[in-house]
Structure formats: C-alpha cells, structure tokens
Amino acid sequence: MRVAFFLPHLVDGGVARSSFILAGRFIQHGHSVDILTIRPSHMMTIAPPDGARVIDLGAKRALSSIPSLVKYIRRERPSALISAQHFANVSAVLARSLARRDVKLVLTERSAVEEALKRGRGLSAKALPWLMRLLYGRADAVVANAGDGAARLARFLGWPPGSVRTIYNPTFDPSIRVLAEEAPAESWFAPGERPVVLSVGRLAPEKDLGVLLRAFAAIRAKLECRLVMVGEGPDRASLEALAGELGVASDVEFPGHRANPYSYMSRAALFVLSSLNEGLPNVVIEAQACGV
C-alpha cells in the first residue's frame, strides 16, 4: 500500500513531527510512504523517516498545488492521502475530485480551528471557512487530535456531534528517552547552575511568549533562575527587546532550533506552555516523557 502525506510547509513543529512518526510506522509495516510538500525546508531539525520519499509539488501555495496533486494521484495511485490543516485539506479534496481516482482521503486538523482561522489574511483566508464547510464532507474521514477539538470542529462545520473522529497525535517515540540522556553542550544545566525554566515552540504570536517573559521577570525578582526559549519565529526580535525592557536579558537564552530539545527537557526544573490555544500540545507530552 502507498500512503501519501500532504504537508505543504515542512517546518519544525508538532504537525511535521507527529506526521513523521506516523509515516515511520507505516514504513515499518511494509508500506510505501510519500511526503508531498510545496516548501521543502532546509531549516528543519527533524527529518522524514528513512524510506519516505519527499516530493516537491513545485507550487507557492497549497491551493496552487492542486494541478501537481492531481498529476501525482493519477501517476502514483496512492491507496490513501492524509492531509494536514485548512488550505491543504481544501486542496486535497479538490485534487482528488479532479483526479477521479479511488484514493481514500483523510483530512486532519491539528489546531484550534476557529482561533487559527482568525489569524488568516487576504481574500482566500476569508473564503476558507466557506470552502471548509462546503468540501470537508467529501472526505472519507475528518480527524482532530483531541476530543474537544473534534467537538468544536464539528460545530464549526455544522455537523452533528461525533461526526469528526478523534485520533491523538502519535507523539511519544522510544528515541525520545535515548535523546534525553544526551548531555547538552551548553553550561546552563551543569551542577550548581541556576534552575532552568524551559519553553519549546515557534516564536510566534499564538504562543503568547510575551506573557511567559513577564511571568519570568516577576519570578526572577525573587529567585535565581534562567529562562531558555527554544525555537525560531517572527517574534524573536520583539521578545529579545521585551527581555531587555524587563531587565532580564542576561537571564534569558534564545538558542534557536535544536535537533534534540529532549536533553534540555530532561534537565529543566520547569516546563512552561503559554500558548493562547493548541490542538494537542505535543511538547507537553514530550516533556512528561522526559520526566520534567
């Protein structure tokens, strides 16, 4: 069986990580896996599983990738196509209809849909809710990664309760515990150093990291500690500036992406998630697996 994952933007994050874990399990069970994307990233610290074929659809946006998706479906005839998130899902429905091939289509939503849609811009973003309500019913299954997310998505689509299935993210992988044992290169976690408060995630508005910085500043006034914010994103400069304004710049580290955040998690005193909303926060599950 050939299984295709449509992940338009290959960037570090929970969607790619959980999809790669799932893809790896398909490969272990003897199936072929293709990962279809419009933006193969050279910045990723996580890699597709061995044996997966990454195919660049050669488009700038998910919607403009539809012709390439149609060609792929007709040429490769996958048994199943699994897409992730709004524009990809709409594109996948339209591509399968145009390809006229018998391929099972599974649409997945990994975030709080209504909140995520509010962040959209432009005409296509405004049309997206209408397209979702029009097209999602054509898929073989629509899946959310948490029970609350499934219920909210069903209400958003105008479907009866239970219409959206819940399948939790395949988050834990045994390699996490192996990676957690690796010693970090930085001295932050050496014996006798200050306790580390850790966050891991994209430096973006929906993660609300400004409130974390302010909370840290309040704690730092009373307790010797350090804040390590792993990740990259559009808010990096503003967060660095805020750390300076709060007087804690010397106590806050921005190490960027890390291929192995688990070595940090297993040594942190505290892990914090400050997101405004999440579908299912993989990093919290990973931190629990590391014992923090």
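Reader: At roughly what angle do the axes of helix H8 and helix H9 cross?

Author: Good place to start! Keep in mind that this is a predicted model. As a general idea, two packed helices are described by the angle between their axes and the distance between the axes. Here, helix H8 (residues 209–220) and helix H9 (residues 236–245) have axes that cross at roughly 20° and come within 10 Å. That angle makes H8 roughly parallel to H9, because angles under 35 degrees count as roughly parallel.

Reader: Is the crossing of H8 and H9 left-handed or right-handed?

Author: The crossing of these two helices, H8 and H9, is right-handed.

Reader: Which residues make the contact?

Author: From H8 come Leu 209, Gly 210, Leu 213 and Arg 214, while H9 supplies Leu 239, Leu 242 and Ala 243. Sorted by class, the contact of H8 with H9 has five nonpolar residues, one polar and one charged.

Reader: Now let me look at H9 by itself. Which residues of H9 are buried?

Author: Leu 239, Leu 242 and Ala 243 are the buried residues of H9. Looking down the axis of H9, you would find these buried residues within an arc of 100°, so they line one face of the helix.

Reader: Which exposed residues does the face of H9 turned away from its buried side carry?

Author: That face carries Ala 237 and Glu 245, both exposed.

Reader: What follows H9?

Author: Gly 247 follows H9, and its phi is positive, near 80°.

Reader: Let me try the backbone elsewhere. Which residue other than glycine has a positive phi near 85°?

Author: That is Gln 85, with phi near 85°. You can find Gln 85 in the loop between strand E4 (80–84) and helix H3 (86–99). Gln 85 is partly exposed, and its relative accessible area is 27%.

Reader: Where is Asp 208 placed?

Author: Asp 208 sits in the loop between strand E8 (196–200) and H8, which brings us back to the helix we began with. Although Asp 208 is not a glycine, its phi is positive, about 50°.

Reader: What is the relative accessible area of Asp 208?

Author: The value for Asp 208 is 26%, and the residue is partly exposed.

Terms used. Residues are numbered from 1 along each chain as its sequence is written. This is a predicted model: local features need pLDDT of at least 70, side-chain atom pairs count only at pLDDT 80 or more; totals for chains, interfaces and linings use all residues. Side-chain values use heavy atoms; hydrogens and water are left out. Axes are lines fitted to C-alpha atoms, for helices over the stretch in contact, and angles run from 0 to 180 degrees between N-to-C directions. Helices (H or I, at least four residues) and strands (E, at least two) are DSSP runs, numbered from the N terminus. Angles under 35 degrees count as roughly parallel, over 145 as roughly antiparallel, 65 to 115 as roughly perpendicular and the rest as oblique. A crossing is left-handed if the near helix is turned anticlockwise from the far one by less than a right angle, and right-handed if clockwise. Contact means heavy atoms within 4.5 Å. Ala, Val, Leu, Ile, Met, Phe, Trp, Tyr, Cys and Pro count as nonpolar, Asp, Glu, Lys and Arg as charged, and the others, Gly among them, as polar. Buried means under 20% relative accessible area, exposed over 50%, partly exposed in between (1.4 Å probe, protein chains only). The arc is that of the directions from the helix axis to the C-beta atoms.
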